Amino acid sequence: MGYRILLRRSHTLSALSEVVALSGRFEVVSFDLFDTLLTRRTLSFEEIRQLSSARLMRHLDRRLFGTPETVSDRRHHAANVLRDSVALATREPPLQAIVERLLAAGGGMDEDKRRRLAEDAVAFELALEREALVAHADAGTVLAALRRAGKRVVALSDMYFSPTDMNTLLEANGLRHFFDEVFISTGIGETKHEGRVFDVVRRRLRVGCRHRCRGGVVGGTNRHHFPPVPQPEPLDGEALLVDLASDIMAAFLMAVMMRARMNAARRVFFLSR
């Protein structure tokens, strides 16, 4: 699938590297992050959400949150409620606030414990994303070329992680230093989905309306802009052998499964004694 960028005429790109040539007359080049510069290689977005929900269930009333799917649905509902909250005053509530609301609804615990558990939940999901994400093969080359050409390179992403957390993910993939600015919806309080974030970013960049309206910003927002990162082919007969002498914790099992997927292992064996 091709990739549409905001120019006077629409262009379809077959490779990320084509952005360099098309950006020639523009001062600012803006990229989306997920499925453009970063791709989830081992776990999908849905799988990460499912693992996070399953882990959070340990602290929730099972009569109200009977399955991970229920937790995910209630998490989505909590995000919508907070999005309309006058007290929070943001169109992109951070994951910390979303989890705290879930715990308040079904955890029966005090505020301090809710805060600590929410912090732990955010750290867990961030760790899953860090394990799953890889940079697009051409990302570093393209971003470096744009910087050499004197472009202002920025990123703009709708995400429930904080700007600090998103910078951590970019640094882990060797990309953060290429950007002059990284704009995350939780830090701005507006989203691309609703459209208002673009005016906020334009003002912060001091880019005139002429540039924005006529395509002064190049970038992408939709999924599957570029060919996905190649997946390793399964190796016949490969297996991961794990010998455990103690109780297996849920978090450790998740880490084992992610490592197995990264190494294209077809089977995982657990030995107990």
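This is a predicted model: local features need pLDDT of at least 70, side-chain atom pairs count only at pLDDT 80 or more; totals for chains, interfaces and linings use all residues.
**Entry 1: α5 and α7**

I began with a reminder to myself: two packed helices are described by the angle between their axes and the distance between the axes. For helix α5 (residues 111–132) and helix α7 (residues 163–172), I found an angle of about 25 degrees and axes 10 Å apart. Angles under 35 degrees count as roughly parallel, so α5 and α7 are roughly parallel to each other. I also noted that α5 passes α7 in a right-handed crossing. On the α5 side, the contact is made by Val122, Leu126, Glu129 and Arg130, and on the α7 side by Asp165, Thr168, Leu169 and Ala172. Sorted by class, the residues of this contact are four nonpolar, one polar and three charged.

**Entry 2: α2 and α3**

Next I looked up helix α2 (residues 45–56) and helix α3 (residues 68–83), which pack at an angle of about 105 degrees with their axes 8 Å apart. That angle makes α2 roughly perpendicular to α3. Here Arg49, Gln50, Ser52, Ser53, Ala54 and Leu56 of α2 meet Pro68, Glu69, Val71, Ser72 and Arg75 of α3. I sorted this contact too: four nonpolar, four polar and three charged residues.

**Entry 3: strand β3**

Which way do the residues of β3 point? In a regular strand the side chains alternate between the two faces of the sheet. In β3 (residues 28–31), I saw Val28 and Ser30 point one way and Val29 and Phe31 the other, and all are buried. I then followed β3 to its parallel neighbour, strand β6 (residues 152–157), to which four bridges join it. Ser30 has Val154 of β6 as its bridge partner.

Conventions: Residues are numbered from 1 along each chain as its sequence is written. Side-chain values use heavy atoms; hydrogens and water are left out. Axes are lines fitted to C-alpha atoms, for helices over the stretch in contact, and angles run from 0 to 180 degrees between N-to-C directions. Helices (H or I, at least four residues) and strands (E, at least two) are DSSP runs, numbered from the N terminus. Angles under 35 degrees count as roughly parallel, over 145 as roughly antiparallel, 65 to 115 as roughly perpendicular and the rest as oblique. A crossing is left-handed if the near helix is turned anticlockwise from the far one by less than a right angle, and right-handed if clockwise. Contact means heavy atoms within 4.5 Å. Ala, Val, Leu, Ile, Met, Phe, Trp, Tyr, Cys and Pro count as nonpolar, Asp, Glu, Lys and Arg as charged, and the others, Gly among them, as polar. Buried means under 20% relative accessible area, exposed over 50%, partly exposed in between (1.4 Å probe, protein chains only). Two strands pair if DSSP finds at least two bridges between them.
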